Each structure stands twice: as structure tokens, then as C-alpha cells.
Amino acid sequence: MLNSEIRSKILKERWLLPPPTKTKYDHTIYLKTLTFIKNKSIKNYIGLYWPIEGEVDTIALIDELLRLKYRVCLPYIENKKMVYKQIKNTNFDCEFWKNMRQPLKSFLTIKPKQIDLLIVPLIAFNDSNHRLGYGLNFFNNYLIKNDTDAVGLAYSFQHTNNFKITNKDISLKRIITN
């Protein structure tokens, strides 16, 4: 099966997930991720993502991390390059890149070495924790250039060993699922 076919199939499955089931899965992943973070030594920033396209919802996690005084940053894309910008609440002023909500350009840019943990979205993952994303390579390129621990969030049905891995695909440290 081609990567594009796997993307289509899993995106459709995510969209067809009944809302009560998605809420239950998101809450389970939220609890597991929060426990994982609390057991790590985080001195600087945690990079997260704002959910789109039925991805695992991170908004409650972002709220809780900010409440617990963790420093949080989100991706900002400009000129085909991704950087991270600090946010201080989930009601931040924003702009959109494609359909992705992102902090304003004026927000503080966080240097890669200041990010202790990246939590990234994915469409599919395999047994070796490689992720299949949307195919734009923003997260893969960021991970190739920066030695940052990265964890993926996914629903268990997103697991497959049928996608093609390229030299730009980085294996994540862990995938947290429902």
C-alpha cells in the first residue's frame, strides 16, 4: 500500500471515530502523557502541537501543563521552515498556516536546545516508532536538525507496518496511545 493510501485510510478512520469514543481515547492519552511528562526532568520547554484533522486532542494537556507552570511552545511555520513559539495560555492570539492554528510571528521564538521534549502528531506509526505524517516533512526536518526527544500521540488503530520509511523518517522515542 502506498503512503498516500495509508494516509487516506487512517484519516478517514479518525474522522469516523464517534465523538464519545474520541473523547474517551483523548482522555486516556492525556492521562498517560501527563504521567510521562511528570516523570521526566523538564527544565526548559515542552513543544506540543495544536490538533487538526482529528488528531489526538492536546488542548486539555496544554492547559494543564501551563497550570502546572511548565513552559509550552507550539510550531510556527513560515517560508517552509518550522520553529517553535512560546504560548502562555490556550486563548493565545493566532494566525493560520493552511488549517493549522499557530502563534503570532511576534511571539518568543524558542531555540531548539531549549526544548526538552517534543510531542508530535502523526497519521500512522510502526513497530519501530517511525511516524507517517502529512508528507510535508516539517517535523522530520526539525528532528533531523535538532537532537530533541520526541514522543508521538496516536490512537491504537493508527498502528501499521505497511508504510514506506525514507531517510528523512526519524524514529520517535515513544508513541503514547489509548
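**Cavity, cores and sheet in a predicted model**

By class, the residues that line the largest cavity comprise five nonpolar, two polar and two charged ones. The structure holds one cavity of 30 Å³ or more, and the volume of the largest cavity is about 30 Å³. Its lining consists of Asp 26, Ile 29, Tyr 30, Thr 33, Val 56, Asp 57, Thr 58, Leu 61 and Leu 153. Helix α2, spanning residues 19-38, gives the largest share of this lining, with four residues.

From the cavity, attention can turn to the nonpolar cores. In soluble globular proteins, nonpolar side chains tend to be buried together. The largest nonpolar core here has 27 residues, of which Ile 37, Ile 46, Leu 48, Leu 61, Ile 62, Leu 65 and Ile 119 touch the most other members. At least two residues of this core come from each of α2, α3 (59-67), β2 (71-78), β7 (115-120) and β10 (150-153). Helix α2 supplies the largest share, five residues. For Ile 62, leaving aside residues up to four places away in sequence, the contacts are Leu 48, Tyr 49, Trp 50, Val 72, Leu 74, Ile 87 and Thr 90.

The strands come next. Strands of a sheet pair through backbone hydrogen bonds, either parallel or antiparallel. In this model, seven strands form an open sheet with mixed pairing, in the order β6-β3-β2-β1-β7-β10-β11. At its edges lie β6 (109-110) and β11 (174-176), each of which pairs on one side only.

Within the sheet, β1 (residues 45-47) pairs with β7 in the parallel sense over three bridges, and Ile 46 stands opposite Leu 117 in β7. Strands β2 and β3, by contrast, run antiparallel and are joined by seven bridges; here Ile 77 stands opposite Met 82 in β3. The hairpin of these two strands has two residues between them, and Asn 79 takes a positive phi near 55° in this hairpin. Strand β3 (residues 81-87) is mostly covered, with five of its seven residues buried. Strand β3 also runs antiparallel to β6, to which two bridges join it, and Tyr 84 stands opposite Ile 110 in β6.

Methods
Residues are numbered from 1 along each chain as its sequence is written. This is a predicted model: local features need pLDDT of at least 70, side-chain atom pairs count only at pLDDT 80 or more; totals for chains, interfaces and linings use all residues. Side-chain values use heavy atoms; hydrogens and water are left out. On a 1 Å grid over the protein atoms alone, a cavity is a set of points where a 1.4 Å probe fits but cannot get out, and a pocket is an open set with protein on both sides within 12 Å along at least five of seven lines; lining residues have an atom within 4 Å of a point. Grid points are joined across faces, edges and corners, and a volume is the space filled by probe spheres set on the points. Ala, Val, Leu, Ile, Met, Phe, Trp, Tyr, Cys and Pro count as nonpolar, Asp, Glu, Lys and Arg as charged, and the others, Gly among them, as polar. A nonpolar core is a set of buried Ala, Val, Leu, Ile, Met, Phe, Trp, Tyr and Cys residues joined through side-chain atoms within 4.5 Å. Buried means under 20% relative accessible area, exposed over 50%, partly exposed in between (1.4 Å probe, protein chains only). Contact means heavy atoms within 4.5 Å. Two strands pair if DSSP finds at least two bridges between them.
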